[in-house]
Amino acid sequence: MSSPCIPLPLKTEHSARDRLYWNFFNMIPFLIGSIAIARDSLKWVAVYIGIALFFFLIIEFRFACTHCLYYIRSKGCVKCMMLSGVPKIFKARPGPHSPFEKAMTALGALPMFLFPVYWLIRDPLLLGAYIVAWALFFLTARRYECIRCLNFECPMNRVPAGVKDEFEKSDDRSEKIELSGKELLVSGSGRCSSFKMEHKFKDFLYWNFVTLTILFSAGLAIGISSTGWLLAYIFTVFFHFNVLEQRFFCTHCPYFPTEGKKLGCMMNRGWPKHFRSRPCPPGKFYLAITSLGFLIVIFFPLPWLLEEPFLLGTYSVSILLFLLTIWRYECSRCIYFGCPFNRVPAEVRKEFGNNGS
Ligand code: SF4
Ligand code: SF4
């Protein structure tokens, strides 16, 4: 699903974890920009930081945030997934942005994005990392937050019209959205689980894009010094994902097709299916083999990455983002209950019928 028919519940408030995750994510492109500028002059890094702060705390705050429901609903200081604890120095302005406000926000954002480009174009690797970091930031927000966000005035908002109308009609404007189908409110935790029954092509594109940032940094670090070892790395990665993981982990997953010759999940869509489906949870031995394969794939490029500090940084941050994002947004909606990372609570699994392997 990621279902068009079963929308996720709206996010009425953000937790400290949301703020940590999104601020960490947002800092990555700034860090890459700052590294490029710092090679030349620390003074310009200070100017870059000043431009970013001016955008976030004055321009965006006044011309965009004042129309956002998280800003309007918070008292005294703002409480949202990006900013928290910043005093509401501007008065709230419910309703749409004026064309002047839109123009000011766009004009304020441009210098922030473009400022480091002068230094980045001298180093294609940093420029690539900068573009990928911003692309991943926006793609991830669009996939997982914009579909549940109360900032209905934001141009990136993707909350379906019916859900928005229902929310606006509701009196106390809190968790009043009707849940339907297999969408379940996880009792006590305030967390909601809307099971993902199947993966779409866009899920596959997103997760392979994230995976490629990891593999590319590793492959580049190895390839710089040895083509032979690069081929060995590529073989190890293919062997792990195509044979080892497929046999010992994927065959037990409910997303693994019982019929047909190809896989259809968000990671391996379109890959040939070599084994038959085994609809029962994987045993400890199988999990141990899969984990060992993963550890080999992760640590294999380390000796080469240690020689290339920037690629080591990109590799470590990409792995961290991969794990954090999948854990936050996928493992809580995944029907593979036999996976050790699965976060669907026991009572919700029971309600679902414990169908997941
Ligand atoms: S709709 Fe998306 S981009 Fe806009 S404020 Fe909400 S989460 Fe941020
Ligand atoms: S629980 Fe998470 S890690 Fe495990 S199969 Fe599902 S999405 Fe992947």
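Modeller: Residues are numbered from 1 along each chain as its sequence is written, chains are lettered from A and ligands numbered from 1 in the order in which they are written. In this predicted model, local features need pLDDT of at least 70, side-chain atom pairs count only at pLDDT 80 or more, totals for chains, interfaces and linings use all residues, and side-chain values use heavy atoms, with hydrogens and water left out.

Biologist: Is Thr213 buried or exposed?

Modeller: Thr213 lies in helix H8, residues 201-225; helices are DSSP runs of H or I with at least four residues, numbered from the N terminus. Buried means under 20% relative accessible area and exposed over 50%, with partly exposed in between, for a 1.4 Å probe and protein chains only. Because its relative accessibility is 13%, Thr213 counts as buried.

Biologist: Which residues does Thr213 touch, not counting residues up to four places away in sequence?

Modeller: Contact means heavy atoms within 4.5 Å. With residues up to four places away in sequence left out, Thr213 touches Val132, Leu136 and Ser318.

Biologist: How far apart are the end C-alpha atoms of helix H10?

Modeller: The expected span of a helix is 1.5 Å times one less than its number of residues. Helix H10 (residues 284-299) has 16 residues and should therefore span 22 Å. The model agrees, as the end C-alpha atoms of H10 are apart by 22 Å.

Biologist: Within what arc do the buried residues of H10 fall?

Modeller: Thr290, Gly293 and Val297 are the buried residues of H10. The arc is that of the directions from the helix axis to the C-beta atoms. The buried residues of H10 line one face of the helix, because seen down its axis they fall within an arc of 60°.

Biologist: Which helices do the buried residues of H10 pack against?

Modeller: On the other side of H10, Lys284, Phe285 and Leu292 are exposed. The buried residues of H10 pack against helix H9 (227-248) and helix H12 (309-330).

Biologist: How many charged residues does the shell around ligand 2 have?

Modeller: Glu330, Cys331, Cys334, Tyr336, Cys339, Phe341 and Asn342 surround ligand 2, where a residue is near a molecule if one of its heavy atoms lies within 4 Å of it. Ala, Val, Leu, Ile, Met, Phe, Trp, Tyr, Cys and Pro count as nonpolar, Asp, Glu, Lys and Arg as charged, and the others, Gly among them, as polar. By class, the shell around ligand 2 has 5 nonpolar, 1 polar and, as charged residues, 1.

Conventions: Helices (H or I, at least four residues) and strands (E, at least two) are DSSP runs, numbered from the N terminus.
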